[in-house]
Amino acid sequence: MNRPEKLIEGDIRLDGRRPDELRPIKIKVGALNRADGSCYLELGGNKVMAAVYGPREVHPRHMAKSTSAVVRYRYSMASFSVEERKRPGPDRRSIEVSKVSREALEPVIFEEYFPRSAIDIFVEVLQADAGTRTAGINAASIALADAGIPMKSLVSSCAVGKVDDTLVLDLNKDEDNYGQADMPVAMTPDGNITLLQMDGHLTRDEFREALEMAKGACTTIYELQRAALVEKYSSQMEGGDVIE
Amino acid sequence: MSLSDEVMTELRKDYIYNLMVKGEREDGRAFDQYREITIDTNVIERAEGSARVQLGDTLLVVGVKIQPGAPFPDTPDQGVIITNLELIPLASPVFEAGPPREDAIELARVVDRGVRESGAIDLSKLCITPGEKVWMVFIDVHVLDDGGNIMDAAALGAIASLLTAKVPAKRFNIGEEDMDVPMRDVPVSITAVDIGGTIMLDPSLDEESIAGTKLTVTSNQEGAISAMQKSGVHPLTTEQISYIVDIAIDKAKEIREKFLVI
């Protein structure tokens with residue numbers, strides 16, 4: 001596909017969104033049976049499944065840490081998730097995405113509660129539409145909570161980018177391919193940044209504005225994550241009210 | 001990590017933290033001061049471009065090889081950049097042989113994004129026959145001694161090599177004369193760490209190993225940001241990030257003017 005002539009026209013993007021509008025998000029907590037915790041999440045055209053196993057024994061054993069749990073994150077894209085079939089298995093991109101995603105979540109996990117054990121997070125991208133790492137982190141964060149892993153808070157993630165000299169939230173595929181900048185961010189509800197990457201072209205001022213936009217979006221996503229968890233767990237309590 | 005390593009890390013952390021409280025660093029530098037930088041270019045005659053970079057105790061060699069190849073289907077009229085970096089066991093007791101691990105892959109990809117996203121190379125000028133043949137630029141970083149902050153040293157070496165590299169048109173019977181690599185920009189990467197709330201640039205090996213997080217900011221000639229990467233478990237605040245971005249852009253300008261004049 002060739003570059004559309006304009007990615008944004010009079011404040012409306014190709015998919016009809018305003019610059020500061022997220023794509024629709026659907027969350028299903030506990031979508032899998034075998035995993036200790038799981039979450040299925042859709043973000044626009046992205047469909048991701050996250051599963052958490054653990055705390056459990058570490059294999060291989062030499063990876064174990066004597067004073068805390070080892071957290072592992074495997075981001076993987078299904079071969080059919082993209083236009084051109086992707087060769088299965090980890091490539092350099094997914095290894096990097098796995099590393100930064102793990103680092104985005106580790107600060108909220110009480111790793112020191114589980115020395116010599118492993119907390120394994122698996123994220124499978126079933127369909128990709130730009131923003132898979134942010135969708136994965138959002139889902140993984142919920143899956144960790146669903147698995148009952150003690151956490152300081154959830155982590156929420158969203159990308160900000162620049163298309164046709166306008167800052168926009170949550171880039172779609174065309175905006176990602178033909179835009180001028182892409183900046184995925186993850187943060188805790190109290191505003192600590194746990195993931196920050198950027199490529200493209202941003203001035204200092206644009207960067208500051210982009211970070212503020214990401215903050216606002218992460219707050220919105222946090223509310224959705226929280227609501228999804230409350231929905232699952234409040235319905236499991238007999239006749240009880242939602243505990244705030 | 002063995003328990004003794006964990007104890008040593010804690011001791012080092014205390015030492016560096018206590019210095020930081022007094023406003024000092026273990027090697028006497030100011031918090032925003034880089035270690036001494038030496039860049040020698042064209043150190044490998046066989047390579048189309050090369051640079052040896054010494055950044056404090058860190059030593060590495062970057063070699064650029066350029067040869068014809070097939071373009072990517074989605075960019076049929078553009079040259080190709082491929083960046084590789086390996087943390088070979090020669091460079092540190094903690095590096096192991098084998099395929100690159102996530103740290104090496106991350107470093108290579110951040111170097112690559114700095115060069116690519118700043119538009120440093122005019123890739124359209126590296127097209128030979130659209131859709132069939134283009135120049136492929138291979139940037140290989142060979143770390144020889146890990147003294148901390150491989151990231152910035154590798155990025156410096158990559159851009160210094162490219163600035164002096166020649167496209168070997170004659171050797172491949174593609175042109176009469178070899179040409180310079182078509183450079184449009186000179187991105188510079190600056191890496192900062194947060195140690196106990198204090199931001200330090202160009203971390204030494206010890207500082208790097210105890211810091212929870214590094215933030216690398218690559219900026220171009222006009223002072224815009226081309227690439228960023230937070231690496232590490234410790235979170236950063238918006239204020240810290242904003243501060244690092246500001247000093248990184250200024251420091252990049254300083255280093256560019258001193259070492260990378262086109």
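I then did residues 154-216 of chain A, which come out at 30% helix and 46% strand, with 15 Å between the end C-alpha atoms.

**Ground rules**

I noted that this is a predicted model: local features need pLDDT of at least 70 and side-chain atom pairs count only at pLDDT 80 or more, while totals for chains, interfaces and linings use all residues. Residues are numbered from 1 along each chain as its sequence is written, and chains are lettered from A and ligands numbered from 1 in the order in which they are written.

**Where A meets B**

I counted 28 residues from chain A and 28 residues from chain B in the contact (contact: C-beta atoms, placed from the backbone, within 7 Å). On the chain A side, helix 1 (92-105), strand 11 (193-202) and helix 4 (204-235) each supply at least two residues. Strand 11 of chain A gives the most, with ten residues. By type, the chain A side splits into nine nonpolar, ten polar and nine charged. Here Ala, Val, Leu, Ile, Met, Phe, Trp, Tyr, Cys and Pro are nonpolar, Asp, Glu, Lys and Arg are charged, and the others, Gly among them, are polar.

What does strand 11 of chain A pair with in chain B? I found strand 12 (residues 225-232) of chain B, antiparallel, over four bridges (pairing needs at least two DSSP bridges).

**Chain B by itself**

I logged five helices and twelve strands in chain B. Its C-alpha atoms fill a box of roughly 60 × 40 × 35 Å along the principal axes. Of the 262 residues of chain B, 44% are buried (20 or more other C-beta atoms within 10 Å of a residue's own, with C-beta atoms placed from the backbone). Of chain B contacts between residues at least 6 apart in sequence, 67% join residues at least 24 apart.

**Confidence**

I read a mean pLDDT of 93 for chain B, with 98% of its residues at 70 or more (pLDDT is the predictor's confidence in each residue, from 0 to 100). The model scores ipTM 0.82 and pTM 0.89.

Technical notes. Two residues are in contact if their C-beta atoms, placed from the backbone, lie within 7 Å. A residue is buried if 20 or more other C-beta atoms lie within 10 Å of its own, exposed if 12 or fewer, and partly exposed in between; C-beta atoms are placed from the backbone.
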